[in-house]
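The points are meant to be read with the sequence and the coordinates at hand.

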Amino acid sequence: MPSLSVPTIILAGALGLVALTGSQPASAQEHKGEQLYPLFTYRTGPYAPSFIPFGAGNRDYLRYINEVEGGVDGVKIFIQECETGYTIERGIECYERYKNGYDGALTAAIYPHSSGLDVALTDKARIDKIPIVSPGGGQNIATDGRVFPYQYPLIFDYWSEAQIVVDYIAHQVGGTDKLKGVKIATLYHDSGYGRDTIEPLDILSKKFGFEDIQIPVPHPGEQQQAQWQQIRQAGADWVFLRGWGVMTPVAIKTAARVGFPVNHIIGDIWSGSEDDARPAGGVAKGYLAVSVFPPGTDYDILKKLKETIIDTGKSDLKDDTKFGTVYYNYGVIEAITFVEALRTGHRKFGNHPLTAAEGQWALENLAIDDQRIAALGAKGLISPLQTSIANHKGETIAAKIIQWDGTRWDTLTDWIKADTTLFADVIRAKAAAYAQEKGLVLRTASN
Amino acid sequence: MTVASQIADTPVRGVQRRAGLIGRPLVLITIGLVVAFVAIPLVATDYWLSSIIIPTIVMGLAGLGLNLLMGYAGLVSLGAAAFMSIGAFATYNLLLRLPVLPLPVVLVLAGLIAAAAGILFGLPSLRIKGFYLGASTLGAQFFFEWLFTNFKWFSNGSQSLTISAPRLAFLGWDLSAATGRYLLVAAVTALLILLAYAIVHSRVGREWMAIRDQDTAAAVIGIRIGRRKLLAYAISSFFCGIAGALWAFGYLGTADAHAFDLDKSFQVLFIVLIGGTATLFGSFFGAAFIVLTPILLDRIVLATSLTASADQGALANLQRIIFGVIIILLLIKEPDGLSSLLRRGLSGVRRRDTASRAPLG
C-alpha cells in the first residue's frame, strides 16, 4: 500500500524529530566547570550585515580570554550560538533553551542582542531570575534596578545621547548661553526607538532655549525628500539623525541634494557605523556621529587581538577589513562587560562558574574604573562603568563625536559626559509608574 | 444460507458502526482534554511550554480564525495580524483602564472590538473579489501598525511603545508562570474550537460554503450574501483578536505594533495553506509545522555537532533554505495541506486494521 506508507513514514519521522527537539541534553555534563555564554546571533535576516562584525568581536575577545589568558580567573567560557534572525519568537526559544545552562556549563547572564527581545524577556526574566544585559540597547527605565532587578541597560541610553548632542552643538556655537535661537531638527525613525528622544529634547529646549523641531521618517525610510525640504524651510542649523538601517545613507544623500551641510548632521549611535556612511558615497565626507563604541585599531587590546587571534587565523571574521570597525569594537566592548562581570563575581563568590543569582550580584556591583580600563588595554575604547542597585546603567554616561573622512571614521572629541542627574527624576518616576501598573514591590538593598 | 445470515447481520453491523462513529470522537475528545489539561501541564517543562507548545497553539488559533474566512467563506485577508494587534491592544487597555473586569470578559470584549474592525475592513468585500479584496485588507495591516505606533495612548505612554500584561489572573490564580499561561491559552483555544465547530456546522457555516462554492447560486437560493460575508469577517477577526491577545500576553509577555507586522499576516496565511483550508484542526498542524521546523533544523545541527567545524553563518542560512524547500515539496506533494496527509495516513491505518481483522471474521 504505497498510499499508506509515504504519509506514515513522514508522520513517524516528524514524531521522531519532535522528540529530538525536546530532548534537553542537560543530563550530559561535558562542560561542567565552564561558564556558558549563550551567543544570540542574527546571521540571517535583514540585520545580518551588522551582526557579522559584532559577533566576530564578541567571539574573538572571548577566544582571546580562553586561549591566551587561560579563561577568566581560570574559568573557561563555553560559547553556544543560537540564531534568532532578529525575531522575538526565535529569541524566546533561545532564551528558554539556555536560561538554565547547557551541558553542565552555568548561565550567569543573557545578552539578547535586540532591544525588542530585551523588552519581551522582562517578565520572563523576573520570574526565572535571570539577568538580561543589553549594553547600549536596553530600556532606559530599567536603569532603576529597584524596579527592574534583572534588566541591565548598561553603558548608554538615548536621553543621555540627546544631551551629548546638545552639549556638542553648544560647544560649536560658543557655549550653552549661545544656544538660544539655534534650530535643532531631529529626524527620527518612526518607532519606539526613534520617538524616545522627543521627550528629553523637549526638556532640553526649554532649559537652553533652542528651537526643537521633530520630524518623523516612516520605516524603512527610503524616501526623505519631503522631510529634508521641511528641514530646509524651517531653517534648521543642525540635524540630529536618529536613523536605523537604510534610513541613514538615504538621509545623507538627500541632505546633499537639498543643500544641507553634511558636517551639521550628527548621527545617532545606530547611524554611526561604516556601513551607514559608506553607502552614501562622497557626499558623506564630513558627516558626524555619536559614538559609544569608538572605531579604530589603535588600542592595546585590539593590538593583542590582532596578534593572537586575527593573525593566527583564529578570528570569526571572514573579511579582515572589518577589524576595528564600529560593530567589531562594539562586540569587543560587550564581551569585556561580560568578562568583567565574571571577575567581579569571582572576587565575591570564588573562582568558579557563576550562577544567575551570582551573576545578578556581579552585574550590579561592576566597578570598571580608569585604572582597570588601562589594565584591560581599553583606554579610549570604553569609559568608566560603575553600577549599583539604584543604577543598572552605570554612573557616568559618555560618548565621543566621530567624523567620516570618506573612507573611515576619525575621532573628533574625547568622551563627552552626560549630566545624569538632569533626567534621573523623570526616569525614576517612569519606573515607579511601571511598578504601580504591574503591582511590583520596590527592591531595597536589604531584600 | 450464508447469504441469508449476511443479510441478517447487516443491520446489526450497521448499528455497531454507527455506535463506533459516535463513540470514537467522544473518546478522542476526552483523551484530548485529559492530555491538554492534565498530562501536558504535569509533564512539560518550561522550555516546551514557553517556546513550543504555547506559540503553536496560539498561531493555530489565529490560523483557525483566518481559516473560517478563507476556507469556509472563500474570502481573502492579508490583514490577519492587524486584527491580532487590535485584540492585543484592546486587552491591554481594558485590563489597565477597567480593572474591575475579569480576564475572560476582557478577552471576549477584545475579540468583539476586533470583530467590529473586521466588519469595517470587510466592507470592500461587498463590491470586490479575489486579489483586489486581498489588497484592500492590506489597508488594515498598515493602518493599525501606524495607529498603534503613532498614538501613545494605546500603549499608555510607554517609552518604547510596548504593552505588557498588567495582570494575568483569573479567580485569584496568578497565570503569569509558564503553566498558568499554558492553561489560559489551552482553555481559551478549546472553547473557541468548540465555537468554531458549532458555527461551521450551523446554518451560517453551510451558507458560507455555498457562497464560497458559487456565490450567484447562493444568492439565488436566498442567502443574503453581503450579511454573511460581513459576518465571516467579524467572526474571523474575533478569533484573530483573541489569538493576538494570547500571543502578546500568553506567549511574548510584551508586544508592540511591530510584533504584528505583515510577516505575521503572511505566517498566518501560510499556516492555513500548509495546514489545509476548510479544516478546523489543520491550522494547528500548520502552526506546528511553521513553529517547529526551524527549531528542529537548529536542533539537528546542534545534535550533529556541526557547529564546531562548519561556518555558523552558512549553517544558519542553510537552515532557512531547507525550510523553504520543505514547504515547496509539501505543497507540491500535498496541496490540500497537512490535515489531508494526516487523514490519508489515518485511513490507511484503519484500512490495514480492517484488512488484518478480515480473516478472523
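**Notes on the model**

1. Helix 2 of chain A is largely enclosed by the rest of the structure, because 14 of its 20 residues are buried, where buried denotes 20 or more other C-beta atoms within 10 Å of a residue's own, exposed 12 or fewer, and partly exposed anything in between, with C-beta atoms placed from the backbone. Helices here are DSSP runs of H or I with at least four residues, strands are runs of E with at least two, and both are numbered from the N terminus. From first C-alpha to last, helix 2 of chain A reaches 27 Å, close to the 28 Å expected at 1.5 Å a residue, the expected span being 1.5 Å times one less than the number of residues.

2. A word on conventions is needed. This is a predicted model, in which local features need pLDDT of at least 70 and side-chain atom pairs count only at pLDDT 80 or more, whereas totals for chains, interfaces and linings use all residues. Residues are numbered from 1 along each chain as its sequence is written, while chains are lettered from A and ligands numbered from 1 in the order in which they are written.

3. Chain A is divided into domain 1 (25-156 + 295-397 + 426-438) and domain 2 (159-291), with bounds that come from an automatic or database domain assignment. The C-alpha centres of these two domains of chain A lie 29 Å apart. Ten residues of domain 1 of chain A are in contact with ten residues of domain 2 of chain A, contact being defined by C-beta atoms, placed from the backbone, that lie within 7 Å. On the domain 1 side, helix 2 (48-67) and helix 13 (326-349) of chain A are the elements that give two or more residues. By class, that side of domain 1 of chain A has five nonpolar, five polar and no charged residues; Ala, Val, Leu, Ile, Met, Phe, Trp, Tyr, Cys and Pro count as nonpolar, Asp, Glu, Lys and Arg as charged, and the others, Gly among them, as polar.

4. Between the chains, 43 residues of chain A are in contact with 40 residues of chain B. Several elements of chain A each supply at least two residues of the side that touches chain B, among them strand 2 (77-83), helix 3 (88-98) and helix 16 (421-438). Helix 1 of chain A gives the most to this side, with eleven residues. The residues on the side of chain A that touches chain B divide into 15 nonpolar, 13 polar and 15 charged.

5. Strand 13 (residues 398-404) of chain A is mostly covered, with five of its seven residues buried. Which strands pair with strand 13 of chain A in the antiparallel sense? Strand 10 (residues 288-291) of chain A does so over four bridges, strand 14 (residues 409-411) of chain A over three bridges, and strand 15 (residues 416-417) of chain A is joined to strand 13 by two bridges, also antiparallel; pairing requires that DSSP find at least two bridges between two strands. Opposite Gln403(A) in strand 13 stands Leu288(A), and Trp404(A) has Trp409(A) in strand 14 of chain A as its bridge partner. Strands 13 and 14 of chain A form a hairpin with four residues between them, and in its turn Gly406(A) has a positive phi of about 110 degrees.

6. Elsewhere in chain A, three strands form an open sheet in the order 2-1-3 with parallel pairing. Strand 2 and strand 3 (106-107) of chain A stand at the edges with a single partner strand each, so one side of each is left without a neighbour in the sheet. Strand 1 (residues 35-41) of chain A is joined to strand 3 of chain A by two bridges, and Gln35(A) has Leu106(A) as its bridge partner in strand 3.

7. Chain B has 13 helices and four strands, and buried residues make up 44% of its 361 residues. Val38(B) is found in helix 1 (residues 2-43) of chain B. Is Val38(B) buried or exposed? Val38(B) is exposed, with 10 other C-beta atoms within 10 Å. Although 145 residues separate Val38(B) and Leu183(B) in sequence, they are 9.7 Å apart in space, C-alpha to C-alpha.

Technical notes. Contact = placed C-beta atoms within 7 Å.
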